[in-house]
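Take a walk through this model, from the whole chain down to single residues.

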Amino acid sequence: MSKVKFTSDVEAADALKVAFNQLQTEIGQVIVGQDETVRLLLTAIFCQGHCLLVGVPGLAKTLLIQTIASALDLDFNRIQFTPDLMPSDILGSETLDNERNFRFIKGPVFANIVLADEINRTPPKTQSALLEAMQEFAVTVGGTKHSIGRPFFVLATQNPIEQEGTYPLPEAQLDRFMFMVTLDYPSYKQELDIVKNTTSDRKTTVNKVLTGEEILYFQHLVRRVPVPDNVVEYAVGLVHKTRPNSEMASAETNKYLEWGAGPRASQNLILGAKCNALINGKYSPDIEDVKAVAVSVLRHRLVRNFKAEAENISVEEIIKKML
């Protein structure tokens, strides 16, 4: 039974907006100029989603996720993916104890927030070990199913530069991530602040804003948000536009895409829109809320064809034309 008590969903929605603003403030003490990235990561957390962060080394991807974990009163584990990492290194394994009975030793995936660092550095066998955990909130070892405590989020990072010796994530696993978030270089002014902050002896403490129980409550609240039919129709229509040679396909789709997004994209557009509405003080999402999450939901679900690659047309450009 939840200890979190609100007299109404409206009161809870107001509390979520306040908590979100507090989280942004706490994280902003450590992370400079990544407001949009923080918004998307927190949105994914409140929607029970997982996130894939793509950016060049040194953009504080790992620090960002550690800071979010510090601001939330949750267990945090980091897994550095390498080519020799085995599934048991992530999930855990069965060992013999003193009485010669098998005992399960939990791996690092048994935490509330799991940072999967450079997830494309490990072979598919180990990548797929994470898949069941992400989808089922459980892992199976030696025929026995072990549940992972909620809330549970996988925040994975990828480095887009060095592709030698990497194993690109299969489409089925990419589809499990609610958002793909790309990190850009900071601006000149932001980098001045970053250098000043990180080369001094000043220690910044991040206060805890939410407990695991409160996050679970807000996750259920997001799902209870009512959505007008026209918003659902817009989201589903947008996903249908991405499917080449279908009746709703746009001209750009038929020209530049090999494959479009599946139904999971429609679901994530609506969930993301619901959460985006709440953190902006609205009690129901509109089409603008769908647009606010559309690029991050769709960019990793669309496969460009040879023509798009030859003409250097990015997935983001194709999505923006559809919007």
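The chain's secondary structure comprises 14 helices and 13 strands. Helices (H or I, at least four residues) and strands (E, at least two) are DSSP runs, numbered from the N terminus. This is a predicted model: local features need pLDDT of at least 70, side-chain atom pairs count only at pLDDT 80 or more, and totals for chains, interfaces and linings use all residues. Residues are numbered from 1 along each chain as its sequence is written, and side-chain values use heavy atoms, with hydrogens and water left out.

Begin with the overall dimensions. The C-alpha trace spans about 65 × 50 × 45 Å along its principal axes. Of the 323 residues in the chain, 48% are buried, meaning under 20% relative accessible area with a 1.4 Å probe, protein chains only. Contacts are heavy atoms within 4.5 Å. Among contacts with a separation of 6 or more, 75% join residues 24 or more positions apart.

Now go inside. In soluble globular proteins, nonpolar side chains tend to be buried together. A nonpolar core here is a set of buried Ala, Val, Leu, Ile, Met, Phe, Trp, Tyr and Cys residues joined through side-chain atoms within 4.5 Å. The largest one has 74 residues. Leu 23, Ile 27, Phe 46, Leu 72, Phe 179, Leu 210 and Leu 269 touch the most other members. Helix α11 (residues 263–279) gives the most to this core, with 8 residues. Another core, of 29 residues, lies apart from it; Phe 81 and Ile 90 are among its members.

Look at α11 itself. Because 14 of its 17 residues are buried, α11 is largely enclosed by the rest of the structure. After α11 comes Gly 281, with a positive phi near 80°. Leaving aside neighbours within four places in sequence, Leu 269 is in contact with residues including Ala 235, Leu 238 and Val 297.

Which helix holds Leu 42? Leu 42 sits in α2, residues 35–46. Leu 42 counts as buried because its relative accessibility is 1%. Beyond four places in sequence, Leu 42 touches Phe 20, Leu 23, Gln 24, Ile 27 and Ile 68. Leu 42 and Ile 68 are 26 residues apart in sequence, yet 8.3 Å apart in space, C-alpha to C-alpha.

Finish with a polar residue. Gln 127 lies in helix α5, residues 124–136. Gln 127 counts as buried because its relative accessibility is 1%. A polar atom of the Gln 127 side chain lies 3.0 Å from the backbone oxygen of Tyr 167. Not counting residues up to four places away in sequence, Gln 127 also touches others, including Ile 119, Pro 168 and Gln 173.

Technical notes. Buried means under 20% relative accessible area, exposed over 50%, partly exposed in between (1.4 Å probe, protein chains only). A polar contact is a pair of N or O atoms within 3.5 Å; within protein, one must be able to donate a hydrogen and the other to accept it, and residues adjacent in sequence count only if both atoms are side-chain atoms.
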